[in-house]
Amino acid sequence: MNNTKHLRIIYILKRVFLVLFFLGVATCGLYPVANQPIKVIVDSSTDKYVFSLSPAEVDKLSSYTMDCPGISEATIDEIRISRHFESICVDKITTGAFPSYGIIEGDSVVLNSEACDLLREASHSAVLERILFSEGLLVLTLLIWILLNALGEKIDPDNRNNHGPIYEIRKFCSEIKEYRQYMVFAANADLKAEVANSYLNRLWWLLEPLFNMLVYVVVFGKIMGNSIQNYATFVYSSLLMWTFFSKVLNYSVKCVRNNRDIVTKIYVPKHVLLITNMILDFFKLLFSLIVLIPMLIIFKVHIGIAAFWIIPTYLLMIIFSFGVGMIFLHYGVYIDDLSYAVGILLQMMMFLSGIFYDVITSLPHPLNVVMICVNPASMFVDTMRRALLYNTVSNVPLIVLWIIISLLISYIGIHIVYKNENGYVKVI
Amino acid sequence: MKKVALDVDHVSIDYRDLSHMRLARSFSKGEVRKADVFRAVNDVSFSVKQGEILGIVGRNGSGKTTLLRSVAGIFQPDEGTIDTHGNRVSLMAIGIGFNANNTGRENILKSGMLLGCKLDYVKDRMDDIIEFSELGEFIDRPVRTYSSGMYSKLSFAVTAILDTDIMLVDEVLSVGDEHFRKKSFKKMEELMLSDRTVLIVSHATNTLEQFCDQVLWINDGQFMMLGDTTEVLKAYDESMQL
């Protein structure tokens, strides 16, 4: 009897935290944030200069002179504007756009009034913080929710027919261990099967992204014209990431149906099927990397220590695609037309996420920050590019936040699938 | 007294018509309307001792395959429990996880691992499987080049050779040519003598008569009869007369 009382308390607590979350988000969205100090970071080919400006200074600025010793012999790569979080830039001026925003006079960079407008705008709008803190609240609420569920499971081990977080995470881990041999073997066999009767064999995994890249370089680089340096590497490195991401999501919707032969004849944890496909796509990704390395050398991209920052971006992409994939996998079983919807959605997302352009410079000010903050695809692609091509570690708080969110999404996906997989065979 | 290998206790299995499931409803825990639920298996209980062979008979659509799938763990019953006492169960079905573009050898490894065997173990038994399947050099060709008989022979061989404690057989004894059929029967006889527990679903009453220790008869998901092979089959045959 005591148990039911405790469970009741947990149930009420969950509702309370949900209400608190919405209140918190409303506060984050509406709280009047005063103008903030900003930082201007000048990245030249030889050095990096950081300048801080208080809100009062920014307000009466009409032109701004920055002393950058040694700038006369170097070239400016980009000028980034950021707020409290130095690694997340809210706006930037690239080399190509620089002439309309300022000039180099001797050893100092002089920004004109147009650039000062940019600085003012960056100081005024608090969109970045509002979204960031809302996402933080989301993480917190989800964590509390899951912990409360785990607590409920401890009190009442039979809670919701063994669908508590502790049980599910344990089950997930042991299944991963049990099936790891199968997953690697099956991914390998599927790869072999895919190229078994084609003439060019594995070369296709190289040719496909390479020719895609060529098309985009011609269309967006030459015909539409843009000023991004090393546009080919810029597009190719982003395409590799995007291809993996979209392939996994496209597959996940049809995952159970495609594996009808297996699923109707034997019990297989559904995430094993998804991970098998992810391993397959990852092999292909590694293969396409072979082209990227000579490209980096040919275009003389300076690769520094910051290139290690691409590891967390890839990690984020893998966890995020797994989590979303698990959720798609579940709904894909019941809703046939979801695969069309996801196809269209991914197509739209590809053009919105800045695979072919730099989101920060191409979108107007508050929108670019919103895109970076709420669209992880756009964020991990941008972060990866900046680490690889411009040797800068960027978007640190966002990467950390999204890795946690992705882990939570993955858990939710696993939970939904475990809870419903019983019915899958009866539907397909 | 032999140990009990499998306990099926008051099992009921429902199919829900989910074609008009709404997205919104799946988020809430809305009750499914009664009319949408179709009960495929209704309150069936039996238990099988280790080494026994149980035959299951019934008309088409009476829930035999559903019951087997449930024993195989593909889905949990909606009511009642199925206890396999820690035994490994495999549903002998045509081509688990076969990919038509892979060679026979790769497919053996893949489906072997899906059945829960370790890679090394499947590799060890590989020669036995290939020999039993009578495929010869075809084993290293893609499965899509196989004839349907060869395909069935291969998948029968995989489940017949790899040892699982409880084997579920769903109408697959009639695969292959006359020679292979005789061989399968011989294999079944061997299995009968060995310690493996087998559940067979079949319409061929003479097959069942030959192998089974017990027969279960279900009709429209309802439990009809369970007991001695000849007795149950006689009653079943009578009910099937025009």
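Ile41(A) has Arg80(A) as its bridge partner in strand E4 of chain A. The model is a predicted one, in which local features require pLDDT of at least 70 and side-chain atom pairs count only at pLDDT 80 or more, whereas totals for chains, interfaces and linings use all residues. Residues are numbered from 1 along each chain as its sequence is written, and chains are lettered from A and ligands numbered from 1 in the order in which they are written.

Strand E1 (residues 38-44) and strand E4 (residues 76-82) of chain A run antiparallel and are joined by six bridges. Strands (E, at least two residues) and helices (H or I, at least four) are DSSP runs numbered from the N terminus, and two strands pair if DSSP finds at least two bridges between them.

Chain A is divided into domain 1 (38-125) and domain 2 (162-427), with bounds from an automatic or database domain assignment. The centres of these domains, taken over C-alpha atoms, are separated by 35 Å. Their contact takes 13 residues from domain 1 of chain A and 14 residues from domain 2 of chain A, contact being defined by C-beta atoms, placed from the backbone, within 7 Å. On the domain 1 side, strand E5 (residues 89-94) of chain A gives the most, with five residues.

Between chains, 22 residues of chain A are in contact with 27 residues of chain B. Helices H5 (165-195), H8 (260-263) and H15 (396-427) of chain A each supply at least two residues of the chain A side. The largest share of that side, eight residues, comes from H5(A).

In chain B, Asp43(B) has a positive phi of about 50 degrees although it is not a glycine. Asp43(B) lies in strand E2 (residues 37-49) of chain B.

Notes: Contact = placed C-beta atoms within 7 Å.
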